[in-house]
Amino acid sequence: MANTDDAKCARVLDPVERVTEVIFGLLMAMTFTGTISVATGGQEEERTMMIAALGCNLAWGLADAVMYLLRSLVEHSRKRTLLASLRGGSDPAAGRALIAQALPWRLVAAAGTEELEALRQRLIRHAATAVQPRLGWDDFKGAVGVFLLVVLSTFPLVVPFLLLDQTALAVRLSNLIGLLVLFIAGWVLAKYAGGKPWQGALTTATTGAALIAAIIALGG
């Protein structure tokens, strides 16, 4: 039972989804903090920009969460349709073709006909407990997780503006924090992918630095 519960938790948001949502929210916030130095002339205007940045990430976090639910609903419906097609079909070759379409082509090439046929038979037996085309508790937990990741990724960039009176210094420190978070995000992604963490971290941070430079050049 514990293994089943762990598997369900793992499906809510995998490491790639978590990290990419953080990067998404971070870059959204940087589009605001990177332009504060020329767009504001005082603490009141700076506070307005910070509220706008938070509001923007709240809106995008909500939109991203809704899209996550929509994507989950489509996946549930797709799985149910596949199982129904396999259960109702009498042609094994057609069933294997359906499974092949649902799998990455490299897995299909490695599996071969015998493994696909064995999988088809197991799925037909599993079709008695077909997936329902509706959202479940795990889907809503995933949507909440997406929302929180996008929104909370804004706060590390806001801290310098809360602690410092000098806007220019706060902007640069905020950008530095953003680069650090991007470095960590790249490290996690590369490690998860089985690559070289330092290489992934530096690549992600360098890409982020280029984006920040572009933002500053456009008015930051």
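I started at Gly136: its backbone nitrogen lies 2.8 Å from a polar atom of the Asp139 side chain. I count a polar contact when a pair of N or O atoms sits within 3.5 Å; within protein, one must be able to donate a hydrogen and the other to accept it, and residues adjacent in sequence count only if both atoms are side-chain atoms.

A note on the source: this is a predicted model, where local features need pLDDT of at least 70, side-chain atom pairs count only at pLDDT 80 or more, and totals for chains, interfaces and linings use all residues. Residues are numbered from 1 along each chain as its sequence is written, and side-chain values use heavy atoms, with hydrogens and water left out.

**Asp139**

I placed Asp139 in helix 7 (residues 137–152). Helices here are DSSP runs (H or I, at least four residues), as strands are (E, at least two), numbered from the N terminus. Is Asp139 buried or exposed? Asp139 counts as buried, at 9% relative accessibility. My cut-offs: buried is under 20% relative accessible area, exposed is over 50%, and partly exposed is in between (1.4 Å probe, protein chains only). Leaving out residues up to four places away in sequence, I found that Asp139 touches Tyr68, Leu69, Ser72, His76 and Arg134. Contact means heavy atoms within 4.5 Å.

**Aromatic pairs**

How many aromatic pairs does a search of the whole structure find? I got three. Rings of Phe, Tyr and Trp (its six-membered ring) pair if their centres lie within 6.5 Å; planes under 30 degrees apart are stacked, over 60 edge-to-face, and the rest tilted.

One of them joins Phe24 and Trp60, edge-to-face, with 6.1 Å centre to centre and 80° between the planes. Phe24 belongs to helix 2 (residues 15–33) and Trp60 to helix 4 (residues 43–88), so this pair ties together parts 36 residues apart in sequence. Phe24 is partly exposed at 29% relative accessible area, and Trp60 is partly exposed at 42%.

Next I looked at Phe183 and Trp198, also an edge-to-face pair, at 5.6 Å centre to centre and 70° between the planes. Phe183 is in helix 9 (residues 167–193) and Trp198 in helix 10 (residues 197–217), 15 residues apart. Trp198 counts as exposed, at 55% relative accessibility. I noted one aromatic cluster formed by Phe183, Trp187 and Trp198.

**Helix 8**

Last, I checked which residues are buried in helix 8 (residues 155–163): Leu157, Val158, Pro160 and Phe161 are. They cover an arc of only 150° around the axis (taken from the directions from the helix axis to the C-beta atoms), so they sit on the same side of helix 8. On the face turned away from that buried side, I found the exposed residues Leu162 and Leu163.
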